[in-house]
Structure formats: C-alpha cells, structure tokens
Amino acid sequence: MDQGIKVRPATGLKRHPAQTLATYRTGTWAWMLHRVTGLLVLGYLYFHLIVLSSDVWMSGPADFNRVVGELTSPPFILADLALFVVVLYHALNGIRIMLFDLGYGIHRQREWFWGLMAVGALLMVAASAALLPLAHL
Amino acid sequence: MGSDVLFQVMRYDPRRDVEPYWAEYPVAVDDGDTVLMGLMRIREDIDGSLAFRASCRSGICGSDGMVINGRSRLACKTQVAAVVSDRGRVVLEPLRNLRYVKDLVVDQTPFWQKFRRVEPYLMPEEPRSAAERPMVLPQAEFDRLSKASDCIFCEICYSECPINGVDRGFLGPQALIKAFRFEFDPRDDGAAARYAPLSNVEGAWRCRTTFNCTDSCPKGIPITEGIQRLKRKLVGELLSGMQPAYRTPMPVESPEETSS
C-alpha cells in the first residue's frame, strides 16, 4: 500500500446511490423545466381566479375597474412577460412531447427541442415589442 | 509510452466503512487502454481489495457498467484517453439507483426482479412442437426487433434514468425495452399476461421521455422509441376493449429492503 495511493474523505459522496446533475442532458432538462413551468402555470391560475373573483377587495364595477387598472400597471406588465415565458415553454415543449407520443420526431428529440425554443424566442421578441411600450420603461 | 493517470475511485465497504471515501491510484496508461484495463492494473499491482465487476472485456457481457466522470458507461468500452480530465484524472463511482455492495459493485436484485416482471420470453399462442410449426421470424420483422435484442443487461440505462432515481418502483428502461421486444414479436401472444405490469403507474406510463437511456445505451438501442411504441400499443389494447384499465401499482421491493 505504498505505491502512491492517497485516501481522502468523502467529498460529494453519498452513502446511498443518488442522481446528480451529471445525469441531466437536453431531454432531462426539458422534462424538469416542463414540470416546473407546469407548477408555475397552475399557481398562476389560482392567483388569477382569486384576484379577479374575490369580493374581499371588490364590491362593485368601480372596484373591479380599479383592480384591473392596477393589474395593467408597469410592474404587472413585466410580470405578464415573465408569465409568457413560462406558458410559452410549457406549450412548445408540450407540442414536442405530444409528437413523441404520436410517434413522430423521436430520433430528432434534441433538434425538436432547440427548434421549438428558437420559435419561442421569436415569439418572446414579438411579445416584448407589444408589451414593453405599455410598461413605460 | 505510457503516462500516469490518477484513478479516483469511490471505495465503500458497508460492513467496515462508516461512509464512502475516495481512493486515488496513479496508473500507467498506454494509448488505447480502456478504463477497465486501468482498474485491473490497480487490482493486480496496487490494491487487491478493490471490488468491481468485469468479465468479457469486450462490451458483450455487460458486467462493468459504472459511473465514469459523471456518466454511466462500460469500463471496457471507454478508453482512458477519451475521458481523462485536463488534470489527468478519471473519476469512478458505482452505478446509480442501485444499492452499494462494495466499492464499484452494486446490488442488481431490483433490476432483475423488474426484468422478470414483464415476462421477457416468447409466449406463443398455442405451444406446439418445432416440427409442427417452425417459429420463423420474417427478416423484416427481425430487423425491427434486432436492436432491442442487443441488450446486454449492463444496467447503464437503469442508472442514468432520473425516474428510477426518484421512484424505486418504476420498472425502468431495460425491462420496458425487453417487453417491447416480445410484445412486437409477431410470434408472441403474451399481451394479456404483460398488460398488468406494463400498463401501470409504475410501468410504461412512468416513463417521462427524458431520453437518458437512449443517450447512454452502450449498444445504441433506441430505448425511448421502443417504450413510446409500447405505450401506443397499450392504448390501442385499452381502446379496443382487449384489456381492462389497471390502476394498482405492482409492488416492487426497494433496493434498501433487499439488503441481506
């Protein structure tokens, strides 16, 4: 045992087999982001329904108009853009997943991912051009 | 000639060690040497207590799957030069998602249990003698199943699959591609027997198409494609009324529970 063997403590090792980020490739990131954006969209849906239908802060048409007015203020316009990123990712990757379920494009899964992301980037540019002027930046 | 490469190997003997540790072995490596050759050199010349599995040394037996620099690969099919880091280092860990037995050896029990669960053999309609009905598979059909038949049970897909990582009950890519191999064999009539383990929350439907299995398979089997075809077949069987909808998960022993 004197042939240059070094022993050092277990940095980064677990006592049980575990997944690490090293297993993440395009398809795995696509899946994980799909899950995360799905949860964000679900959370937004609750937020949306509660804000627009609760009578805690709204008791008539005037109140409703005031709340909607606040929701079109610059900070919320920026939040809308962030929401658009989330929805767009979920929708575009959803198309990719459905294609695989139907048996199309499965040998080109990376190309489909990046192609649809490019489409998403173009749509984001268009959405920004439409929404950013409203934010009075 | 050869240069010294530092093999950083995860060592762990659960009966003796409190937790895993890294051992570093300087190994003289020639051009074209595989990671497995380096490991054998360590065991023969430096430290005979190092445990790893290997047999044929030529990518056929599927024994020496391990995590090499973060990715599950066959040690005999991976050349040191292809993976060595700029700092002259190769990092070796046991396969993921299976319980550690010792050093680079993992407990394969759950993997084989799940493989058997899909009844991976030909179930002809009526068993007849070979003389009565030769079981000929047309060439075109063989070509469609040929890749799936190449599986060498190396457990690399099982180790790379993130679903296997979070769900110990999931059948895993290997059992599913083997099920595909027989479900799509025209001589087979085992759909009814395989429906319960396959069309199940822990079966084909647990696959999330992350493509890790397809990307990492050392035999280049398009595993995800096979699983997707399996899913479409299961939907067809359900919609045509051939099969009932199953919802009960098949109980699978977790790797922790199978410890001796």
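**Chain A against chain B**

A compact globule of 137 residues would come out with a radius of gyration near 14 Å, but chain A has 23 Å. This is a predicted model, so take that value as a property of the prediction. The box tells you about the outline: taken along the principal axes, the C-alpha atoms of chain A fill roughly 85 × 40 × 30 Å.

Now bring in the partner. Chain B and chain A bury about 3,400 Å² between them, and 52% of that area lies on carbon and sulfur atoms. Over on chain B, Trp22(B), Glu24(B) and Phe211(B) lose the most area to chain A, together making up 18% of what that side buries. In residue terms, chain B puts 45 residues into the contact and chain A puts in 35.

What about the polar side of things? Between chain B and chain A, 14 residue pairs are in polar contact, counting pairs with both residues at pLDDT 80 or more. Several elements of chain B give two or more residues to the side that touches chain A, among them strand S1 (3–11), strand S2 (21–29), helix H1 (35–46) and helix H10 (223–239). The largest share, 6 residues, comes from S2(B). Sorted by class, that side of chain B has 18 nonpolar, 11 polar and 16 charged residues.

Strand S1 (residues 6–8) of chain A is joined to S2(B) by 3 bridges, and the two run antiparallel. Within this pairing, Lys6(A) stands opposite Glu24(B).

Which residue of chain A meets the side chain of Glu24(B) in a salt bridge? That would be Arg8(A), with a distance of 2.5 Å from N to O. Glu24(B) therefore turns up several times here: among the residues of chain B that lose the most area to chain A, opposite Lys6(A) in the strand pairing, and in a salt bridge with Arg8(A), a pair that sits well inside the 4 Å cut-off.

The Arg8(A)–Glu24(B) pair crosses between chains, from strand S1 of chain A to strand S2 of chain B.

Technical notes
Residues are numbered from 1 along each chain as its sequence is written. Chains are lettered from A and ligands numbered from 1 in the order in which they are written. This is a predicted model: local features need pLDDT of at least 70, side-chain atom pairs count only at pLDDT 80 or more; totals for chains, interfaces and linings use all residues. Side-chain values use heavy atoms; hydrogens and water are left out. Contact means heavy atoms within 4.5 Å. Buried area is the accessible area (1.4 Å probe) that two parts lose on being put together, summed over both. A polar contact is a pair of N or O atoms within 3.5 Å; within protein, one must be able to donate a hydrogen and the other to accept it, and residues adjacent in sequence count only if both atoms are side-chain atoms. Helices (H or I, at least four residues) and strands (E, at least two) are DSSP runs, numbered from the N terminus. Ala, Val, Leu, Ile, Met, Phe, Trp, Tyr, Cys and Pro count as nonpolar, Asp, Glu, Lys and Arg as charged, and the others, Gly among them, as polar. Two strands pair if DSSP finds at least two bridges between them. The radius of gyration is taken over C-alpha atoms; the globule rule is 2.2 Å times the number of residues to the power 0.38.
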